Structure formats: C-alpha cells, structure tokens
Amino acid sequence: MAQPDQKKFFENLSGAGKAIAVLTSGGDAQGMNAAVRAVVRVGIYVGAKVYFIHEGYQGLVDGGENIEEAKWESVSSMLQVGGTVIGSARCKEFRTHEGRRAAAQNLVLRGITNLCVIGGDGSLTGANLFREEWSGLLDELVQQGKINRESAEKYSHLNIVGMVGSIDNDFCGTDMTIGTDSALHRIIEVVDAIVTTAQSHQRTFVLEVMGRHCGYLALVSALACGADWMFIPEMPPADGWEEQMCTKLSQNRARKKRLNIIIVSEGAIDTSNKPITSEHIKNLVVKCLGFDTRVTILGHVQRGGTPSAFDRILASRMGVEAVLALLEASADTPACVVSLCGNQAVRLPLMECVQMTQEVQKAMDERRFEEAVRLRGRSFENNLNTYKLLAHRKPQSELPISSFNVAVLNVGAPAAGMNAAVRSAVRVGITEGHKIFAVNDGFEGFAKGQIKEIKWGDVGGWTGQGGSLLGTKRTLPAKHLEKIAEQMKANKINALLVIGGFEAFECLLQLTEARSRYEEFCIPMCVLPATISNNVPGTDLSIGADTSVNAIVQTCDRIKQSASGTKRRVFIIETMGGYCGYLASVGGLAAGADAAYIFEEPFDIRDLQANVEHLTAKMKTSIQRGLVLRNENSNENYTTDFIYQLYSEEGKGVFDCRKNVLGHMQQGGAPSPFDRNFGTKIAAKAMLWISRKLKETYRKDEGRVFANTDDTACLLGMRRRAFVFQPVVDLKNETDFVHRIPKEQWWLKLRPLMKILAKYKTSLDVSESGQLEHVVRHRRPEESEGVPA
C-alpha cells in the first residue's frame, strides 16, 4: 500500500505506445458493456490504443475484422444496454494449441500485449493458460515464418487482467460479480408480479431460477421476497423435508396467507444427490395439500434487460482498475482479477480465485456442504444465516423465555426497504423470545401512545412494499421527552430499534443525552440508517439509497432516449439529497452524465463555463446529447433554473436545453433487491445485538434493565468491509450538523471516474490501488460483507 506521503495519481500513468484489447466471453451478463466502455475510455484517456475483440475467443482466433480499434464515440450509448455489444461465443478452437497460436499471431500483428477478459472462471482460466504459453507460441510463429524475431522480442510477454461477468455470483474472491444484481432485479420484478395474481386466487407458485452449481440467486431472491421455502445446491434439505414443507405451507394458509412462494435453484439436490425439480415440488404440493400450484421457470429472462445502477457502477469501477493494473503490469506480475471487497476494488491473483472456485465444487461433489458454504465467502454465508433465522417459525415451546419488550419505529422521510427491515426485526425478535411493539408515526406517535404489539403474521408480505407501513414523521423527541418516557414506562419497553435517516440519528442522540433525567431511556437503543439521501454518519450505505439511484438512472435513460430523435440537446436534472451529493454523483456515474454539481465540491461560474464549452465540443462529435445532474442544495445562487438559463444562452445555435426536477419519484416505489436484502440483514444483526445487550444490562436484584453507557446506544453501519456498531455519541465529531452530512464521505472518490469517463482531464488518487492481495479463506471474526448480497 502506498504511504500517505507517496500519493500515486492516475494522471501520472501513461499508456503511450501500449495497446489494450478487451473481449467478453462465456455467458453474457448485464453490465458487461459498462465494463467495456470503462476499459475503452480509460485506455484512450491515458494514451493507449484500445481494440475490441468481437465474438469473444472465437474473434481472437479468427482475427480479421473481429479485432477493431475502438474510438471514444464507439462506446457511446452502451452503458444502459444489457448483454454484450461486442458479442460473446463459446470457442472450441481456443481450447486447442493451434487455436491459441492463431490468436497470438493476431495480437502480435497489431502490437497488442495487454488483454482484458470479461467472463466467468472458464474464460479466465483460458486466458491464464494463453499467457503461460505466450513465449512458446511466439517461438513457433517465428519458426513458421508468420512473425519475425524482432516482433517476438518486442512483444515478449502478455499481460492479463480479468473481470468476472456472471449472473450466478459463483466466483470466489469477489463479493459481487458483474450481472448478479441485475439478474436479481429481473427475478424480483417477476416475483412482485406473481404476488398480485397469486393473492387473487390463493395459489402456490414454484419459481425456478438459474444457478446450476451456485444457489446465490435463489438464496438472495428468497430473502428479498420472504419466500416460504427455498432449495439450493449448497444446502440439501434433511430427509423428511417433503412433510415439513407441506406442514409449513398449510400452516401459512391457515393463518390467512393467500399465497405461497417456493424458490428453486436449477441445481437443487437432496441428500441422496438426486435433483429436486420444480415439477416434482409442484406435484408434491398438489398431491399432499391439493393447493392450486403453478410453476414458473425464469430462464434467460434473468440474463436480459438493462443493467441495474449497481452493476453499472461496479463494472465502471472494475474497468478503471483493470486498465490501471495493465499499465502497472510487468513480465513477473501474475494474471490478476479485479474484484470488489466491501466498498473497495482490489486485485487478486487470478489462479488463486479459480482454484478456490474449483474447491467449492469439489466440496459440493464430496458432500461437504458446510465447507462449500464457508468457501463461497462471507456474503453467501451471511445470507444463508439470515435466511435460517427468518425462514421457519419455531413453535412457542422452542422459543427462549424472555420477559423483554422491544419497540420498533420509523423516523424521518420514507425510504424503500424500511418495511423489509421492520419485518426482519420483528421476526428475529420473536425468535429470540421477546415481545415486539410497533410504534406508528415515529416519536410523535410514541408520545401519543400509538403503540401495539406486533406478531409474526402481521409483517407477512412486507419486504416488497415501498415507503413505511408503520408510518413515519420527522419529529424529534426533545419536545415530547416526558410523554415518551411515560409511554415507555406504561408499555414496559426494555429496548428500542429506530429505523430512519439523519433524524433517527439525532433522535438517538437526544434520548442518550436525556438518560440522566429519565431512567426510562437507560435501555439498549440502536439506529439503522434508512434514507435515500445516504447522509447518515457512521455508514457508507443507507437502506433506500440503492432504490433511489435506480429510479434516477431509469429516468435518465428515458430522458437520454428522448434525445436520440432530436439531436444536440442537453438535459439538466435536479436530484434530491439535501446537502448530500450522493444521489447526483452516483446517479451521474451510473447514467453516464457529463457533470454533477454538488455541495461538497464547490463550483463557480468558471466551472459552469468550462462545462458549457466541453458540451459544445461534444456536440461536434457523433454524440450529440448531454446530461447534467444538480443536487438540490448544491449552491443557493446557482439554482437549477440559473444553470438551465445559462446553458440555454451559452449554447444558442449549438444545442438546446431541457430541465427536469425529479422530486419524490426518487423515493423509488418498490424496494430494489439490494435494499430488501440490506434492510433484512442489517435489522437481523441489530436485533441479535439488542438481545445480547438486554442480557448484559439486566439487573436481577432490581428485576429491570439498566443501560446508561455509551456502547448501549449505537448506530449499526456498513464501513468499507464490515458492519460496525458505533456509539452515537462517538459519531458526533464525524458530523456536520448544519448541513446534515458526515464530514468525510467515501463516494467522493468515485467522482473523478465520472469525469474521466466524460472526457474531462482530472486528478484521481490511486494510492489505494496496486497491491495484489490474496484470497481470504477464513472470515475474520468481526467482518461482514460490505455489498449487496
């Protein structure tokens, strides 16, 4: 890792005289185009020549027109397109020595010695073999007279960098592969549509999703939709599962649940290694229960459609890191794969990742399923543990005996995923033996006594609902402390879980400070960040922000599409977020914006003028449209109207302008798979923490809970690679209370990427890049995954 005083900047790296080729191979995945776009633009930005290889390895073997030099404009309009524009193909010839020799000849003739491969483990293993054989292949080509000795010496080694594009998320070493999040979007869209029809008819639906060897899609979609039962290859059900499943389905019907959803991974097996098919499950339900049961096999729908915002950002970040890795590679650098760990792009030795991925399969074949789950990594293991916590309701007799009452409430503006968090908290709390009380309308409702016990069945079907079903208000408790304390006493509340935005953080601070006056607040309290603005201190991500970014990006896609008929148009779009520029910045990166104005990065009239000049130059190329985002509070004088009028005036005769204020549409409707999952997992962790704190702070002699230390009032946030409980009083120093934002924000590091990809010369600190890490085999005790999972 570079020392702080030895900062390394991207602009100091030169690609002059280098040639980079990019290919996509194996099954297609949404987001591959975003990765290709990033490689091409960053490669050109540093002065390298960049080539497309069409039709994957087949194009590499065939050569000719399949290897084409890419221009900046060649990748315009690719960001929002699913699949891979440069094509992918299975290639038998590349598996032969002769095929690889032909491929080597095609590269040497164009002076290409840097290859970026976007594909699955098979594609990456093939690339590594190609690299190992490279010098031998060149010797053979010299002997055959197909290249001269000078060329062989000049291009004596091949650098390989891989990016994993696979909807199954079946590659070890990365938290997420390109395409997985988009595939989950497709699955959840189908589930949401099925829910409405199934409720109309009291039906059972069996949904089969992809994943021949990996159950990730089935596991996460089961978590995200609250499925009744799930089958994955990594967890064959115990003998007698047929009876257990049918009992559970009939119990759910008896509780007035009008639909049942069962999710099956295509590779699901039982303990005897026999496949469990969707048809078999359907026949079983019909035979044992007589329920009206339908099967839906999603198939290639999961690979299709436009990539999600998460996949566009992931692929763009990986593409930048891949070019960086190629520029820094030498003859002794092993082939590496760019992966995501938490919020960090890291480089890992390609073959270490491939070997670990093969070890998972070996463990599965040898029926060592627990080992296979552990090898899959933190993300998979965490999801599976959360699923086990929530999936099966235990009979009352099996629950631990607890006399504790826990209250759950929402505070601040509604955010998609809040309901998934409440559902998870309620069910995990009940499993822990507590009584859970729901508070309506935040602390205002608390003061008025709008509190009632909430049961397991009351939160059924909540994961897919947007907004806040409990009701939420921005009111802070300071005005109503006495009444809230009275209600806590009357309802014997022993712990508090607050789910909300910046106000929720402030509420917990006020309650903590009031502990000296009101003993009722001397209880364990936890806040979960849930706000589209993503402006809560102590966490990199908040529940609801992903849904909001997706809503912004979908709108930007439509707006850009409307310009394809009317050339030379610039759109100025205002996003929400208060003083926090997260939505404008991350939305801008995912939508391919030319500029994003935010409060955290002050700008003046000279910057606005430079942007207008940049867009004027752009209109002379074949890309004749522009997209500019502005955060609502980025500057009190340079308003959206002012910027619109300035651009309109300065762009006269070159381009015309349109403006859009996105408004409350950004709250996003139904939550994205990421937010459902993030809310579900983070709330489960919070409730387990509350259980632990209740036991630690219970005073037997007095028969009550008493907690007044800082570490009993915490915010649970996701920081870099881990989930962390942080005392709210400790977070005060990290907060700018005037503007309601954290003093330091990790996503500001992404802003230069947006500028580079929009062809601005800018400074990018790459000090954190460059170190080749190793695949972590055993999870560290306090670490959890930092990305959707």
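Student: How many residues of strand E20 (residues 625–631) are buried?

Tutor: Seven of the seven are buried, so strand E20 is largely enclosed by the rest of the structure. Buried means under 20% relative accessible area, exposed over 50%, and partly exposed in between, with a 1.4 Å probe and protein chains only. Strands (E, at least two residues) and helices (H or I, at least four) are DSSP runs numbered from the N terminus.

Student: What kind of model is this, and how are residues numbered?

Tutor: The model is predicted: local features need pLDDT of at least 70, side-chain atom pairs count only at pLDDT 80 or more, and totals for chains, interfaces and linings use all residues. Residues are numbered from 1 along each chain as its sequence is written, and side-chain values use heavy atoms, with hydrogens and water left out.

Student: Which residues point which way from E20?

Tutor: Arg 625, Leu 627, Leu 629 and Asn 631 point one way, while Gly 626, Val 628 and Arg 630 point the other way, and all are buried. In a regular strand the side chains alternate between the two faces of the sheet.

Student: Which strands pair with E20?

Tutor: Strand E18 (residues 569–575) pairs with E20 in the parallel sense over seven bridges. Strand E19 (residues 595–597) also pairs with E20 in the parallel sense, over three bridges. Two strands count as paired if DSSP finds at least two bridges between them.

Student: What are the bridge partners in E20 of Arg 569 and Ala 596?

Tutor: Arg 569 has Arg 625 as its bridge partner, and Ala 596 stands opposite Leu 629.

Student: Now E12. Is it enclosed or open?

Tutor: Strand E12 (residues 405–411) is largely enclosed by the rest of the structure, since seven of its seven residues are buried. Asn 405, Ala 407, Leu 409 and Val 411 point one way from E12, and Val 406, Val 408 and Asn 410 the other way.

Student: In which sense does E12 pair with E13, parallel or antiparallel?

Tutor: E12 and E13 pair in the parallel sense over four bridges. Within that pairing, Ala 407 stands opposite Phe 437 in E13.

Student: Which residue has a positive phi of about 50° although it is not a glycine?

Tutor: That is Lys 492, which is found in the loop between helix H16 (481–490) and strand E16 (495–500). Lys 492 counts as exposed, at 59% relative accessibility.

Student: Where is Leu 753, and what is it in contact with?

Tutor: Leu 753 is found in helix H24 (residues 751–757) and counts as buried at 7% relative accessibility. Leaving aside neighbours within four places in sequence, Leu 753 is in contact (heavy atoms within 4.5 Å) with Arg 317, Val 320, Leu 589 and Leu 764. Leu 753 and Leu 764 are eleven residues apart in sequence and 7.7 Å apart in space, C-alpha to C-alpha.

Student: Finally, the whole protein. What does the secondary structure come to?

Tutor: It comes to 24 helices and 27 strands. Of the 789 residues, 62% count as buried. Among contacts between residues at least 6 apart in sequence, 80% join residues at least 24 apart.
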